[in-house]
Structure formats: structure tokens, C-alpha cells
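Please read the numbered points alongside the sequence and the coordinates.

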Amino acid sequence: MSNENIWRAMVATKQLEIDKLKRKIKEMEDKFEQQRIDEGGWNSDNTRQRDTKNRKKDKRIKSSDSSDK
């Protein structure tokens, strides 16, 4: 084999390894995403974020209170 063919074979081998690792990463990301969804997503009871409805309601109440001063 010529040097060029050897290099092409090495590049092809490395590309296969890269593709395999990309698939592995994608599988891990999908698994993590599914786990997050199963646990209730970002707005589950375990998070500290307030409900958006209450936040909008609180914002309106606070702004009217501050204008009374």
C-alpha cells in the first residue's frame, strides 16, 4: 500500500471511532433528557422556581402597592 492509502485508511478508522463516540454521546443525552422528563421536567416540585401565574399576579400587586406610596 502507498502512504496515501495508509493515511486514508487511518482517517477512515478514526472517523468510525468519532461516529461511534457521537452516537454514545447522543444516547447519553437522550437518556438524561428522558430521566429529566420522568422526574417532572425543570418545573417539578424539587425546583425553586415559582409558578409563572403567581409571579405575574404578584408583580401586578406589588406594582400597584408601590404606586400608593
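This is a predicted model: local features need pLDDT of at least 70, side-chain atom pairs count only at pLDDT 80 or more; totals for chains, interfaces and linings use all residues.

1. Aspartate 30 is partly exposed, at a relative accessible area of 40%; here buried means under 20% relative accessible area, exposed over 50%, and partly exposed in between (1.4 Å probe, protein chains only). The closest N and O atoms of aspartate 30 and lysine 26 are 3.3 Å apart, and the two residues form a salt bridge, defined as a side-chain nitrogen of Lys or Arg within 4 Å of a carboxyl oxygen of Asp or Glu. Lysine 26 is likewise partly exposed, at 47% relative accessibility.

2. Residues are numbered from 1 along each chain as its sequence is written, and side-chain values use heavy atoms, with hydrogens and water left out.

3. The protein contains two helices and zero strands; helices (H or I, at least four residues) and strands (E, at least two) are DSSP runs, numbered from the N terminus. H1 has 36 residues and spans 52 Å from its first C-alpha to its last, close to the 52 Å expected at 1.5 Å a residue. That expectation is 1.5 Å times one less than the number of residues in the helix. Just after H1, glycine 40 adopts a positive phi of about 110°.

4. How many salt bridges does a search of the whole structure find? The search finds four. One of them joins the side chains of arginine 8 and glutamate 4, at 2.5 Å from N to O. These residues are four apart in helix H1, so about one helical turn separates them. Arginine 8 is exposed, at 54% relative accessible area, whereas glutamate 4 is partly exposed at 47%.

5. Glutamate 17 and lysine 14 form a further salt bridge, with their closest N and O atoms 3.9 Å apart. They are three residues apart in helix H1, again about one helical turn. Glutamate 17 is partly exposed, with a relative accessible area of 39%. In general, an α-helix has 3.6 residues a turn, so residues three or four places apart point the same way.

6. Two surface patches deserve attention. Patches consist of residues with over 30% relative accessible area and no salt bridge, like charges being joined within 9 Å and nonpolar side chains (Val, Leu, Ile, Met, Phe, Trp, Tyr) within 5 Å. Ile6, Trp7 and Met10 make a nonpolar patch of about 320 Å²; methionine 10 lies in helix H1 (residues 3-38) and is partly exposed at 42%. Lys20, Arg23, Lys24 and Lys31 form a positive patch. Arginine 23 also belongs to helix H1 and is exposed, at 51% relative accessible area.

7. For the protein as a whole, 4% of its 69 residues count as buried. The accessible surface comes to about 7200 Å², of which 53% belongs to carbon and sulfur atoms. Accessible areas come from the Shrake-Rupley method with a 1.4 Å probe, and for residues only the protein chains shown count as cover.

Key
Lys and Arg count as positive and Asp and Glu as negative; His and the chain ends are not counted. The place of a charge is taken as NZ of Lys, CZ of Arg, CG of Asp or CD of Glu.
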